[in-house]
Amino acid sequence: MEAMRLIEASRRALARSQESSDIVTEVWQSQTLAQAIGSRLAIAGPPELRDEALGLSEVGGRGYGILDGPALGAEGIRAARLTGITHAYDVLRALDELLGEVGIALVGVAMGADGEGAYWQCMEAIDAADESRDRVLEMLRRLAVREQRLPEADSTAGSP
């Protein structure tokens, strides 16, 4: 499944989640998706994104590793269905929005946490979501710079 469709499915599922356990499951799903998108871009994305994409993959892995993962099986993990990234810029913008929503949802879970351990687990997951967003924003910046340079290269290509 294309990355944009998976991100949209994650956003809808997170928005529908009411219980803390459901929110944590959707946060976990979102972080696995960030890891998968980072991995895909690190391997097959534009060269100027590869370092940040690898960082996104690592942070996404840390982000879902912090949380107690749900017992979904491989077929229940949305990120396992990732088949491609058609438009990196659009996917990264949507992923940025999803990660922002993840952070907000985690604040709500942390505020209602029963114990100190659950609270700190949420705080660490919020940090991971923020770091993931930082990586995504840097990749968006690099893509914007690349787009600005492309017209210059086209206009000078015919010059002696």
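Two residues are in contact when heavy atoms of each lie within 4.5 Å. The structure above is a predicted model, in which local features need pLDDT of at least 70 and side-chain atom pairs count only at pLDDT 80 or more, while totals for chains, interfaces and linings use all residues. Residues are numbered from 1 along each chain as its sequence is written, and side-chain values use heavy atoms, with hydrogens and water left out.

Leaving aside neighbours within four places in sequence, Arg 133 is in contact with Asp 96, Leu 99 and Gly 100. Arg 133 and Leu 95 are 38 residues apart in sequence, and their C-alpha atoms are 8.0 Å apart in space. With a relative accessible area of 27%, Arg 133 is partly exposed. The scale calls a residue buried under 20% relative accessible area, exposed over 50%, and partly exposed in between, using a 1.4 Å probe and protein chains only.

Leu 95 leads on to the core. A nonpolar core is a set of buried Ala, Val, Leu, Ile, Met, Phe, Trp, Tyr and Cys residues joined through side-chain atoms within 4.5 Å. The largest one has 38 residues, and those touching the most other members are Ile 7, Ile 37, Leu 92, Leu 95, Val 136 and Met 139. At least two residues of this core come from each of α1 (3–16), α2 (20–44), α3 (50–66), α4 (88–111) and α5 (116–156). Helix α4 gives the largest share, 12 residues. Ile 37 touches Ala 3, Ile 7, Leu 82, Ile 85, Val 91 and Leu 95, if residues up to four places away in sequence are not counted.

Next comes a loop. Ser 17 lies in the loop between α1 and α2, and counts as buried because its relative accessibility is 14%. The side chain of Ser 17 reaches the backbone oxygen of Ala 13 at 2.8 Å. Beyond its neighbours within four places in sequence, Ser 17 is in contact with Asp 22, Ile 23 and Glu 26.

The last topic is aromatic rings. Rings of Phe, Tyr and Trp (its six-membered ring) pair if their centres lie within 6.5 Å; planes under 30 degrees apart count as stacked, over 60 as edge-to-face, and the rest as tilted. The whole structure holds 1 aromatic pair. Tyr 119 and Trp 120 form this pair, which is edge-to-face, with 5.0 Å centre to centre and 85 degrees between the planes. Tyr 119 counts as partly exposed at 32% relative accessibility, and Trp 120 counts as partly exposed at 45%.

Methods:
Helices (H or I, at least four residues) and strands (E, at least two) are DSSP runs, numbered from the N terminus. A polar contact is a pair of N or O atoms within 3.5 Å; within protein, one must be able to donate a hydrogen and the other to accept it, and residues adjacent in sequence count only if both atoms are side-chain atoms.
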